[in-house]
Every structure is written in C-alpha cells, then in structure tokens.
There are 2 protein chains.
Amino acid sequence: MVDLQAALAECAEDVERMMDLLLPQPEGAEARLYSAMRHSAFAGGKRLRPFLVMQSARQFGVDRRCAARVAAAVEFMHTYSLIHDDLPAMDDADMRRGRTSCHKEFDEATAILAGDALQALAFETLVMPETHSDPAVRAELVRDLARASGGRGMCGGQMMDLLAESTEMDIGAITRLQRLKTGEMFAFSAVSGAILGKGPYRAYMALHNYAQEFGLAFQIVDDLLDATGDSEWIGKPTGRDAEAGKATFVSVLGAERARSQAGLLIDQAITALDLFDEKADLLREAARYVVARTK
Amino acid sequence: MVDLQAALAECAEDVERMMDLLLPQPEGAEARLYSAMRHSAFAGGKRLRPFLVMQSARQFGVDRRCAARVAAAVEFMHTYSLIHDDLPAMDDADMRRGRTSCHKEFDEATAILAGDALQALAFETLVMPETHSDPAVRAELVRDLARASGGRGMCGGQMMDLLAESTEMDIGAITRLQRLKTGEMFAFSAVSGAILGKGPYRAYMALHNYAQEFGLAFQIVDDLLDATGDSEWIGKPTGRDAEAGKATFVSVLGAERARSQAGLLIDQAITALDLFDEKADLLREAARYVVARTK
C-alpha cells in the first residue's frame with residue numbers, strides 16, 4: 001500500500017529545498033523582484049507537477065537531485081502562470097494558495113516582472129550542466145518546456161480561457177482549451193523523467209498519455225470545485241466561472257456528468273501506465289486522488 | 001566606407017523574414033494571441049539587437065541562417081519586454097514604434113499573454129537543432145539569454161527602473177540599472193556570434209565589453225531623446241521620465257554631460273573591437289551612429 005500523502009509531502013519538501021537554492025535571496029536594488037518571486041513560489045500548493053517529475057524520473061533510475069532541478073523548473077513556470085493569471089486584467093484574484101496573490105502583496109508591475117523573471121529562471125534551471133551531463137538532454141527539456149508553456153500550450157490555453165467568457169464553446173473546444181492550458185504542462189512534467197533517463201519511446205508516450213488524461217480530469221475537478229466548493233477551504237474564491245458566464249466542463253456537461261467524465265479519464269490514465277511495474281504505483285494513486293480531492 | 005543604413009535595412013529584412021517563419025500565423029481559437037504577438041513583433045523598429053547578432057556571427061564565419069534564428073530569438077525577447085513595459089501598470093504607453101502598443105490594440109490580458117508566449121518562443125527558437133548542430137552550443141545560448149533577460153538582467157533592471165521614480169539614485173545606481181535593463185541583452189546579442197562560431201575567449205570578452213559600453217551609451221541617448229525629443233518624430237511619447245520624477249542619466253548629469261559621457265562610452269566600445277579586422281567596421285559604425293541618432 002503506497003502512502004500518497006506522505007510521498008507528496010516528501011516531494012514538496014525536496015523540491016522546495018531545491019527551489020530555495022535556485023531562487024536568489026532578495027538583495028540589491030532589485031530585491032523587491034526576488035521578494036515577489038519568493039512570495040509566490042513558496043506559497044505552498046500541492047506541488048503536483050513536481051511530483052509527476054520526480055515519480056517519472058524514478059521509473060528510469062534518474063538521480064534525485066537532477067530530477068529535483070527539473071521539478072523546480074516546472075514549478076517556477078507554473079508559479080509564473082499563476083501570478084499572471086491572477087492579475088486584475090486576467091482572473092483578478094486577490095488570493096492564491098491561501099495567501100494574498102502577488103499583485104495584492106506587492107503591486108501589478110512587480111507581479112508582471114516577477115512572473116517574467118520566473119519564466120526565464122525555469123529555462124535557466126533546465127539548461128544548467130548540473131541538471132544533466134548531456135547537453136542534448138538539456139536542450140530537449142528546454143524545447144519541450146517551451147512548447148508546453150508557449151502559444152501552442154499554456155499561454156494559448158489561457159488565451160482561449162479568456163475568450164471563453166464571450167464565446168460559445170462546445171465540449172470539444174473546452175477539451176482543447178484545457179489540454180493546452182493545463183494538459184501540456186502536466187505532460188511535460190510526466191515525460192521529463194523519460195527524457196532525463198533516455199527511456200524508450202513507448203514509455204515516453206505512455207507517460208504523455210497518462211498525463212494528458214490526468215490533466216484533463218484535474219481540470220474538470222477544478223471546475224467542479226469552483227462551481228460547488230467552499231472558498232475558505234480551497235484557499236481561493238469560488239463561483240467565479242459561473243459569475244463570469246464562462247463555459248466550463250461543468251456548465252456544458254452539468255456537475256454529475258462532469259464528475260463521471262473525470263472518473264473515466266482517470267481510468268484511462270491508469271491504463272496508460274500498464275507497461276510500468278509497481279514503481280509506478282504512486283503515479284496511479286495520484287490519479288485516483290485527483291478525482292477524489294476536495295480542494 | 002561602410003553603409004550602415006543599408007546594412008541595417010538588409011539585416012532587418014533578413015531577420016523579419018526569419019521571424020515570420022518562426023511566428024505562426026493566427027489560426028484556431030487562440031488566433032488572437034498570435035495576432036497580438038505579430039502586431040508587436042512586426043511593428044518595425046531599428047532591429048539593433050538582431051544587427052549585433054548578425055555582425056557578431058559574421059566575425060566567425062557563422063552561417064547566416066543560423067545567425068538569423070538567434071537574431072529572431074533576441075528580437076522576440078526584446079518585443080516581449082516592450083509589450084510588458086508598455087502596460088498601464090508599468091510605463092503606460094499607448095504608442096510604440098509609431099503604432100498602437102499591444103494592450104491598446106488588443107487588451108491588457110492579451111498583451112500580457114503575448115509577451116509571455118514570445119518569451120517562450122525565444123527560448124524554443126534558440127534550442128531547435130536548426131539553430132546549431134551542436135546541442136552544447138544551443139544550451140549555452142539558452143543559458144546566456146536566460147541570464148541576460150531574467151532577474152539579474154532585463155527584468156531586474158526594469159524593477160529598478162520602476163523603483164527609480166520613488167528612490168534617490170546616484171550615477172552608480174543608474175549605471176547598474178541600465179546595465180541590467182539594456183546592457184545585458186545588448187551583450188548577449190553581441191557575443192552570440194562568438195558562441196555560435198566557438199570563437200576564442202578574448203574575442204567573446206571583447207564583444208561583451210563593446211556591447212556593455214554600447215548599451216549604456218544607447219540608453220543615455222534614449223534618456224536625452226526623452227528629455228529633449230519630439231514625440232511624433234521618435235514614435236512614442238517623450239518627457240515621461242521628468243514627468244514621473246524619475247532619476248535618469250540626464251536628470252543626474254544634465255543633458256550636456258550626459259551627451260559627452262555617451263561619446264566617451266562609444267570611444268571605449270570601439271576600442272574594445274581593436275582585435276577585429278575590417279569585418280567589424282559595421283559594428284564600429286553602429287556605435288558611432290548610436291550617439292548621433294535623433295530617434
């Protein structure tokens with residue numbers, strides 16, 4: 001029996017230690033920038049993407065310190081996206097992960113710059129020799145993270161998400177939106193161990209498919225929590241999608257069908273891992289946890 | 001006698017052709033994002049950083065197409081910084097390069113995302129195999145661009161610049177601010193040819209020093225133009241620094257000393273190129289042009 005919560009906590013600790021090493025302490029005239037980066041980077045959170053990186057790396061016997069660097073890079077990238085998404089011009093959220101969002105704690109300009117600098121730091125982290133001795137591996141990591149986070153990935157998904165408030169969207173459009181917005185970064189996290197460990201193509205693809213289904217299910221549950229959850233418990237405001245008239249899985253499918261769809265996706269995610277042995281049990285467990293979570 | 005204007009125009013044409021290849025056409029639900037990226041990327045401009053890349057590459061016999069890819073990456077990065085700097089929370093500029101700034105043409109959220117996606121595209125462009133056959137070279141380019149653009153580079157400089165409105169700054173502080181804000185990206189541009197062509201360390205350092213002095217002189221002239229220039233001619237509003245009570249080279253040194261300081265820096269920049277032959281004449285000429293420019 002695997003203990004997912006203990007494994008998540010241990011992973012979060014390892015990755016936060018690495019993030020702390022990589023993120024300079026605030027000093028000098030630009031100290032405010034690093035304070036803002038650290039405010040958001042160390043605001044807690046499940047560290048689910050880092051967990052996928054670490055567990056993926058484990059399947060291929062990758063050194064834990066190398067994997068933790070990739071995990072830190074992914075979390076820097078994720079943090080930048082949260083900071084920018086929370087801005088008044090975007091989702092206008094005052095709280096994130098149970099504390100004030102970056103632009104509320106500092107100001108908008110600082111938050112924009114903190115996000116920008118975190119993106120650069122993510123790429124810098126991936127490309128440092130300490131991350132992998134083979135520069136071809138580091139280059140592949142950079143390429144895949146750039147694609148997952150850019151216009152055909154996370155940024156493109158967020159653009160679609162903003163347009164969702166004023167556009168009629170069917171389930172196909174919402175699915176593509178979420179694959180871009182969340183799925184690609186999940187997928188990068190899950191395949192990064194195969195890249196680091198030079199795993200076989202079919203293992204890479206299995207992890208990719210696992211993460212795409214996982215990411216979509218994760219987003220459906222996020223929509224469900226927004227539609228039905230308690231903001232104090234979740235750590236950020238809820239009911240915002242409906243308020244904004246935004247098309248989501250829940251608004252199109254209804255809560256019940258959305259929940260059963262999430263369950264189906266998780267079954268598919270777990271099936272995708274069939275070629276892995278029991279070392280992948282935590283990945284399977286994480287998928288089950290995603291549909292069961294309440295925050 | 002070298003013809004700088006013709007060389008600049010030819011370089012701009014080459015680099016814009018490459019940017020056009022690398023920046024996808026707007027299509028699909030995220031089309032608005034690519035429209036915004038293209039609006040700002042193809043708004044004209046001197047393309048000075050790409051010019052430094054191309055001329056640097058020329059010193060080491062680097063293939064023009066490879067150099068043009070690096071030049072395009074640098075310009076994507078520069079464009080993202082302009083889009084974000086123009087936002088209402090930052091410099092609040094409605095015009096840029098003679099046309100509407102990104103958030104005025106689209107909206108703030110789209111402009112933030114367009115900048116974010118351009119940053120990712122810059123790194124993706126550098127790391128593609130077509131940029132250099134050796135992944136170690138591509139990794140070095142990514143590392144150096146990440147450093148030049150991140151918290152200890154461009155973003156840090158912009159943070160200091162925002163704080164300059166409310167902080168007493170002496171000439172040392174302003175110099176550091178500008179080295180970070182503009183100098184590091186100039187330096188990356190100028191050394192990128194040495195990285196691509198695996199030039200000797202002393203050539204790398206010579207180009208680095210050239211660009212640092214060049215960048216500082218460039219910024220002083222920018223400050224002078226803001227303090228004394230005609231906004232219609234320059235293509236963006238002027239007098240904004242004084243209005244904001246911001247410390248600049250001009251406010252601290254006065255216009256006359258600032259101009260003579262720019263001249264000194266340019267002499268130093270040209271001296272740094274002494275180890276190069278006449279193939280570097282366009283770099284020398286570009287430095288002279290920078291202090292003479294009126295827009």
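Two residues are in contact here if their C-beta atoms, placed from the backbone, lie within 7 Å. Welcome to a predicted model, in which local features need pLDDT of at least 70, side-chain atom pairs count only at pLDDT 80 or more, and totals for chains, interfaces and linings use all residues. Residues are numbered from 1 along each chain as its sequence is written, while chains are lettered from A and ligands numbered from 1 in the order in which they are written.

**View 1. Where chain A meets chain B.** In this view, 45 residues of chain A are in contact with 45 residues of chain B. On the side of chain A that touches chain B, at least two residues each come from α2 (31–41), α6 (108–127), α7 (135–149), α8 (154–163) and α9 (171–196). Helices are DSSP runs (H or I, at least four residues), numbered from the N terminus. The most is given by α6(A), with 13 residues.

**View 2. The make-up of that side of chain A.** By class, the side of chain A that touches chain B holds 28 nonpolar, 8 polar and 9 charged residues. Nonpolar covers Ala, Val, Leu, Ile, Met, Phe, Trp, Tyr, Cys and Pro, charged covers Asp, Glu, Lys and Arg, and polar covers the others, Gly among them.

**View 3. Arg47(A) in its loop.** Look for Arg47(A) in the loop between α2 and α3 (48–59) of chain A. Its phi is near 55°, a positive value in a residue other than glycine. Arg47(A) counts as buried because it has 23 C-beta neighbours inside 10 Å, the cut-offs being 20 or more other C-beta atoms within 10 Å for buried, 12 or fewer for exposed, and partly exposed in between, with C-beta atoms placed from the backbone.

**View 4. Arg47(B) in its loop.** In chain B, Arg47(B) sits in the loop between α2 (31–41) and α3 (48–59). Phi of Arg47(B) is near 55°, a positive value in a residue other than glycine. With 23 other C-beta atoms within 10 Å, Arg47(B) is buried.
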